[in-house]
Amino acid sequence: MSDVQAGTNRMAVQAATGQTYGKATEQMNAQRAVPMGASPTDTQPAPVRPGTIGALTRGTERPNEPVTAGAPFGAGPGPTMAGIAPNTAPPAGSKQDLSERVRAIYSMYPNPNLMALMTALEAG
């Protein structure tokens, strides 16, 4: 059970002034049905101020982790360990890349010249 359900973190029921007849009561009844909790900013710690987390030249907090951890090269786990899918696109500028780009342009703007270019690229 959350603290809002338990009644320990509820905001007071209140309505805006100057509403048409019956709207304030309707608004207050809605707040009673689904109570609002305190603003999340009330419970979060203050942001870290510059210069309070230590010197930039301090020792590492992860001495056994390679600098290249998370990168697609070097020692340590690669991006797939972080849930990032590998790049499966063909290398930029390759024949396969050019063919795919021409095919995509042709699908948006079909014309005989693009069709001829596609045919020539696929034929080699």
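Mentor: Let us begin with a pair of charged side chains: Asp 97 forms a salt bridge with Arg 101, and their closest N and O atoms are 3.0 Å apart; a salt bridge here is a side-chain nitrogen of Lys or Arg within 4 Å of a carboxyl oxygen of Asp or Glu. Before going on, note that this is a predicted model, in which local features need pLDDT of at least 70 and side-chain atom pairs count only at pLDDT 80 or more, while totals for chains, interfaces and linings use all residues. Residues are numbered from 1 along each chain as its sequence is written, and side-chain values use heavy atoms, with hydrogens and water left out.

Both partners, Asp 97 and Arg 101, lie in helix α4, 4 residues apart, which is about one turn of the helix; helices are DSSP runs of H or I with at least four residues, numbered from the N terminus. An α-helix has 3.6 residues a turn, so residues three or four places apart point the same way.

Arg 103 is partly exposed, at 38% relative accessibility.

That brings us to α5 itself, which covers residues 112-123 and reaches 16 Å from its first C-alpha to its last, close to the 16 Å expected at 1.5 Å a residue (the expected span is 1.5 Å times one less than the number of residues). Within α5, Leu 114, Met 118 and Leu 121 are buried. Seen down the helix axis, the buried residues of α5 fall within an arc of 65°, so they line one face of the helix, the arc being that of the directions from the axis to the C-beta atoms. What covers these buried residues includes α4, residues 95-108, where contact means heavy atoms within 4.5 Å. On the face of α5 turned away from its buried side are the exposed residues Pro 112, Asn 113 and Ala 123. Just after α5, Gly 124 takes a positive phi of about 100°.

Methods: Helix = DSSP H or I, 4+ residues; strand = E, 2+ residues; numbered from the N terminus. Buried < 20%, exposed > 50% of the residue type's maximum accessible area, 1.4 Å probe, protein only.
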